Amino acid sequence: MKTIPVIQTAITIAQRLWNAATAANPIGALVVAITALIAAGAALIKFFINSSKEAKRNEEAVKANGKALDEQTKTLERNAEALETNNKYKLDLAKANGATTKQIRELELKLIDEKIAFANASRETARNTYEKNKNALATLKAAGASDEVIAKQKEVTDKSLEEFGKQTKNLNDANKEKGDLIRKQNIERIIVTGK
């Protein structure tokens, strides 16, 4: 749509040149006009072919971005579940092996620090994905991509922002969990030692 005014201007200029050439020399003008018309037609066909290829590349890039986001989300969820399962296993194993209360407390703190590190890494991954999708959206807009392609990329960008928010919440929850754990351990110490 943005290129239509340019094409109309080119046609208007060609028509004026045609009128001037016809007035000066009808046969020479006819040869020049036919040559110019063929060249303009070829240029127009090439323009539409290139536009079609670019539109297809844009659509494929948006699909790839969406697929990558879905895979990343699934991977982060699987890894978070695996970390929780592993941490529970380590605590259960320590208790089953007769670890002291002090050892269990130290292990709990170590495991929550690992959870925070994982949550922080997941948040950064989600942030980078959001930035990538936001930049892809800006690039598509600047390149004059179709409204449909821009809308699809905006949807992917919004989903990546949502995932970034989710990972930020997970990090905040992990930090809160550590604070709760420290308070719980302090209360247990006071109950046991009286101090």
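Guide: The side chains of K88 and D92 meet in a salt bridge at 2.9 Å, N to O, where the term stands for a side-chain nitrogen of Lys or Arg within 4 Å of a carboxyl oxygen of Asp or Glu. Because K88 and D92 are four residues apart in helix α2 (residues 26-96), about one helical turn separates them; helices here are DSSP runs of H or I with at least four residues, numbered from the N terminus. By this rule the count comes to 19 salt bridges. This is a predicted model, in which local features need pLDDT of at least 70, side-chain atom pairs count only at pLDDT 80 or more, and totals for chains, interfaces and linings use all residues. Residues are numbered from 1 along each chain as its sequence is written, and side-chain values use heavy atoms, with hydrogens and water left out.

Turning to helix packing, the axes of α3 (residues 101-142) and α4 come within 8 Å and cross at roughly 165°, the axes being lines fitted to C-alpha atoms over the stretch in contact, with angles from 0 to 180 degrees between N-to-C directions. The two helices, α3 and α4, are therefore roughly antiparallel, a label for angles over 145 degrees.

Note on methods: Angles under 35 degrees count as roughly parallel, over 145 as roughly antiparallel, 65 to 115 as roughly perpendicular and the rest as oblique.
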